[in-house]
Amino acid sequence: MPNSNVTKKTPAMGDSQNSDNPSDQQKRTNNLIRRFTFTLILVLLCIGLAVSLSPKSENLDEVPISDVIARANDENGNIRKITVSGNELKITLKGKDQPTQTSRKDSSGTLYDQGLKNYCEDLSGDKLKECREKYPTIEYESPSDVWGSIFDAAIVVVPTLILIGFFFYIMRTAQSMSRESLGFGKAKAKLYGPDKKKVTFKDVAGNESAKQDLTEIVDFLKNPSRYEKLGAKIPRGVLLAGAPGTGKTLMARAVAGEANVPFFSISGSEFAEMFVGVGASRVRDLFKKAKSNAPSIIFIDEIDAVAHKRDARGGAGREDEQTLNQILVEMDGFENDSGVIVIAATNRVDMLDKALLRPGRFDRHVNVALPERKDRLEILKVHFKNKPVASDLDLDALAKKTAGSSGADLANIANEAAIGAARENREKITNADLTEAFERVAIGPERKSKVMNDYERKVTAYHEAGHAIVGHVLPDSDPVHKVTIIPRGQTGGVTWFLPPEDRSYKSIYELKDVLARAMGGRVAEKIIFGEDSVTTGASSDLKHVAELSKSMIIEEGMGTETRNLVFPSEEAGYYTISTGKPYSEKTAELIDKEIKILSDEAAKRAEAVLKANLPALDRLASALLENETLEEKDLETLLKGTTLPKAAALH
Ligand code: ADP
Ligand code: ZN
Ligand code: MG
């Protein structure tokens, strides 16, 4: 949100309000594990039941195995037959047809080793008959009772069934994950038809030039002959590029609504959830469908998910590469008059594989920019169109305050404002709802309930006053809009700076003032409470300083020794072999040194300003302790008379 315009202060004394929201992915996995465990327990219960129900031998007398063996070796042992089945022995006595006794083999060695000999084994004729009179016949049979065999089968079958079931379950989950209802490999591209809520260009505010470009595309599809007659080639691919939330997806849907041709849409991130080989076949199927429905539009949202640079380390996996290659193959295979136009959207053009941008592929680029003030007002109007609003609602003031916000941010603010009014059971959305929603979206909800002790409040008051004064005094900083020590979101207090207008470029002076005012909080704490009493309240300020100064050095060529030099970033996928970084060890050291120069200078300038304006610092801090929040008009009086010391001036 108003990123560089807000200086945040994290709560003074270690506080964490982070609710641990497991990601969707994690939830899904947990769910999967839970269901799998449940199934497993169920199956084990069934097996347990089966075993406990399985009849021991039908009411036979159990006798010790040693007794059985002794009697089997005794002429007068009175045993006619021993049937061995697994570990179980059934003993039929002489003169009986059915076994009446049972015994169990103990675990050591075979029955033969334990002394159970089959004396009559190799005999025949009379000798056999004679032997049978004295010694038992010993028969071995495989365990054949019903329960035993069920049990044996279960040992093999059940795990197999579990595995098969589990496999199908994963397949189904994977399919539903990508909202798939057809089989594998079938493109599940959604077709935006008349049944869907139709989006038109009217729903897309601002972005006139992008809309213009896309209108032309729609015209290509509707009147191809007009272009062909003049020998103009119809573009095959259009790439919508722009920051997240700028309305790329919305705009593509508007094209669908305007064009009145079949519109197949798929998201690059959906490919990432697919099994090996499925991505490519989906692409094939998608293009086939589109061609048979020509004229038609294919929309690939978030194409960077599959089409990142193939040479980047840790970049495209083989699966993504196959998917990307298939997209390229399909686009190359288009006949000139195929009547299919592919629109893709991405937040990261710089990350895209160059092959995608070659002629005949996505050779048309449509930039979707962050909205300017006038466009922000239009977007707000779109989102308040069907909401009941009070007469004091000042959308223009909000548009002014929200430089750097995307359309999605603004839609979010509009929605939060409505929720705020509903929470208090009001009929209309007021300007206060709007302001509260803006601050809530930018930093997080107010936490009036958070308890700060008097010392913490005082530290916070001086900290915020420090930001405010440094920002106010330095000539290239934006004006202070509001200061508060009411905790909000993760912050202990907030100082807001507002850009007076939208600007495309920022000068090194402005950026250095941003660094200095960000340091102002901690420096004020140091001046008032002593060098060693620094708190954790400045961590997000320091992070901001670190990030901004790094980008000033690496991306903007704003170093002292490295002025006008930029350095390749790791994200762009450049690495030197020796260091694993995009640059050498020496260069890394140089960059670190330059970053330190910037932050040291910022701290020094902040200190010079604050020391020269101590009375104003006290004044502002006490006013904050008294009123908690100071608005622009209060600040005007409180900051009157502050001066810019020479040590803090840059030019
Ligand atoms: P992107 O795809 O560029 O990340 P989206 O198209 O998903 O952004 O935009 C998210 C939401 O933000 C949209 O559904 C819409 O409510 C709102 N939005 C973004 N840009 C605009 C705009 N120009 N006009 C109206 N609403 C917008
Ligand atoms: Zn701060
Ligand atoms: Mg999108």
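Is Asp-541 buried or exposed at 2% relative accessibility? Asp-541 counts as buried (under 20% relative accessible area, with exposed over 50% and partly exposed in between, using a 1.4 Å probe and protein chains only). Welcome to a predicted model, where local features need pLDDT of at least 70, side-chain atom pairs count only at pLDDT 80 or more, and totals for chains, interfaces and linings use all residues. Residues are numbered from 1 along each chain, chains are lettered from A and ligands numbered from 1 in written order, and side-chain values use heavy atoms, without hydrogens and water.

**View 1. The zinc ion (ligand 2) and its protein donors.** His-463 (NE2), His-467 (NE2) and two OD atoms of Asp-541 lie 2.0 to 2.8 Å from the zinc ion. Donors here are N, O and S atoms within 2.8 Å of the metal (3.2 Å for Na, K and Ca); water is not among the atoms, so sites may look incomplete.

View 2. The donor residues follow the spacing H-x3-H-x73-D. Helices (H or I, at least four residues) and strands (E, at least two) are DSSP runs, numbered from the N terminus. His-463 is buried, at 0% relative accessible area.

**View 3. An open sheet of five strands.** The order is S2-S5-S4-S3-S6, with mixed pairing (two strands pair if DSSP finds at least two bridges between them). Strand S2 (61–62) and strand S6 (137–141) are the edges, each pairing on one side only.
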